[in-house]
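Hi there,

Here is the structure I promised to pass along. Please have a look at it first, and then read on for what turned up in it.

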Amino acid sequence: MKFQGSDQYIATPDLMLAVNAALTLKRPLLVKGEPGTGKTMLAEEVATALGMPLLQWHIKSTTKAQQGLYEYDAVSRLRDSQLSGGEEAARVRDIRNYIVKGVLWQAFTAEQPVALLIDEIDKADIEFPNDLLREIDRMEFYVYETRELIKARHRPLVFITSNNEKELPDAFLRRCFFHYIKFPEAETMQRIVDVHFPGLKKQLLAAAMKTFYEVRNLPGLKKKPSTSELLDWLKLLVAEDIPLEALQSQDDKVAVPPLVGALLKNEQDLTLFEKLVFMQRHNR
């Protein structure tokens, strides 16, 4: 199997090479990049292109590695033991009825190879990646409550995304193939936009792209607008029927674009941008 991109996802040659390298090495693909650069969507599109079911595990700050394997619901078992009788008592005695299978268990025991997305691993505490080392490396884990070893029938294609909020342990990194999704250049970005807005007028697109990169390249921004924010902004421009003239300044100076709230998401960045526009106007 090889990933060669898809009609819905513009993958650069180096990104396709990284996906296929992970397939060849049978290692997890660790994908880093700015928020909004398509890390999560990559797993979805690769799974679709390769005809593999996709299991997703979205990590939160409170997520523990054990939840990906299984959880023993002791509270439900205790409650049922107090309320049940007869045939229900037999169900309570079987601890397997209170083992909740996690995403890794489902991936390991699936009848066909699956893709597994572990999304935003850097949100969890620093021990989370280390706690998954053995399971991801050996493709097996032990269930102490039932005294059984769960082994993977097929090695899943594992995608791990990170927004680079925390450093990941070296031992974990050694077990992954790494790829950093660079922010798209204008040519690649135009191909991405064409997928989502195939009928967009070229002049409007050119003006919008020029404005977007001017905003993005402003030094000192706390949160640079990303690909997803550009797509949201373009959707609004089309929906509100914003004229081309609103995106073009007469003297080629930077101006506050319409619906700028789709691009800049905090007051510090908006204030900084407005100051730049004010300074340019008064330095004519």
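At what angle do H11 and H12 pack, and how far apart are their axes? The angle is about 140°, and the axes are 11 Å apart. H11 and H12 are therefore oblique to each other. Their crossing is right-handed. On the H11 side the residues that meet H12 are Ala208, Met209, Thr211 and Phe212, and on the H12 side they are Leu230, Trp233, Leu234 and Leu237. Sorted by type, this contact has seven nonpolar residues, one polar and no charged.

Before going further, a word on confidence. This is a predicted model, with a mean pLDDT of 89 for the chain. Of its residues, 95% reach 70 or more. Confidence is highest in strand E2 (residues 54–58), at a mean of 97, and lowest in helix H5 (residues 87–93), at 77. Please keep H5 in mind as the part with the lowest confidence.

The axes of helix H10 (residues 186–196) and helix H11 (residues 202–216) come within 12 Å of each other and cross at roughly 125°. That makes H10 oblique to H11. H10 passes H11 in a right-handed crossing. From H10, the contact draws on Ala186, Met189, Gln190, Val193 and Asp194, while H11 supplies Leu205, Met209, Phe212 and Tyr213. These residues divide into seven nonpolar, one polar and one charged.

H10 packs against helix H12 (residues 227–239) as well, at an angle of about 45° and with the axes 11 Å apart. H10 and H12 are therefore oblique to each other, and H10 passes H12 in a right-handed crossing. Here Met189, Ile192, Val193 and His196 of H10 touch Thr227, Leu230, Leu231 and Leu234 of H12. The count for the contact of H10 with H12 is six nonpolar, two polar and no charged.

Next, the aromatic rings. A search of the whole structure finds nine aromatic pairs. One of them is Trp57 with Phe128, a tilted pair with 5.4 Å from centre to centre and 55° between the planes. Trp57 lies in strand E2 and Phe128 in helix H7 (residues 127–131), so this pair ties together parts that are 71 residues apart in sequence.

Finally, where does Glu120 sit, and what does it touch? Glu120 is found in the loop between strand E5 (115–119) and H7. Leaving aside neighbours within four places in sequence, Glu120 is in contact with Ile59, Thr161 and Asn163. As for Phe212, it is 92 residues from Glu120 in sequence, and their C-alpha atoms are 26 Å apart in space.

Happy to look through any of this with you.

Best wishes

Note on methods:
Residues are numbered from 1 along each chain as its sequence is written. This is a predicted model: local features need pLDDT of at least 70, side-chain atom pairs count only at pLDDT 80 or more; totals for chains, interfaces and linings use all residues. Side-chain values use heavy atoms; hydrogens and water are left out. pLDDT is the predictor's confidence in each residue, from 0 to 100. Helices (H or I, at least four residues) and strands (E, at least two) are DSSP runs, numbered from the N terminus. Axes are lines fitted to C-alpha atoms, for helices over the stretch in contact, and angles run from 0 to 180 degrees between N-to-C directions. Angles under 35 degrees count as roughly parallel, over 145 as roughly antiparallel, 65 to 115 as roughly perpendicular and the rest as oblique. A crossing is left-handed if the near helix is turned anticlockwise from the far one by less than a right angle, and right-handed if clockwise. Contact means heavy atoms within 4.5 Å. Ala, Val, Leu, Ile, Met, Phe, Trp, Tyr, Cys and Pro count as nonpolar, Asp, Glu, Lys and Arg as charged, and the others, Gly among them, as polar. Rings of Phe, Tyr and Trp (its six-membered ring) pair if their centres lie within 6.5 Å; planes under 30 degrees apart count as stacked, over 60 as edge-to-face and the rest as tilted.
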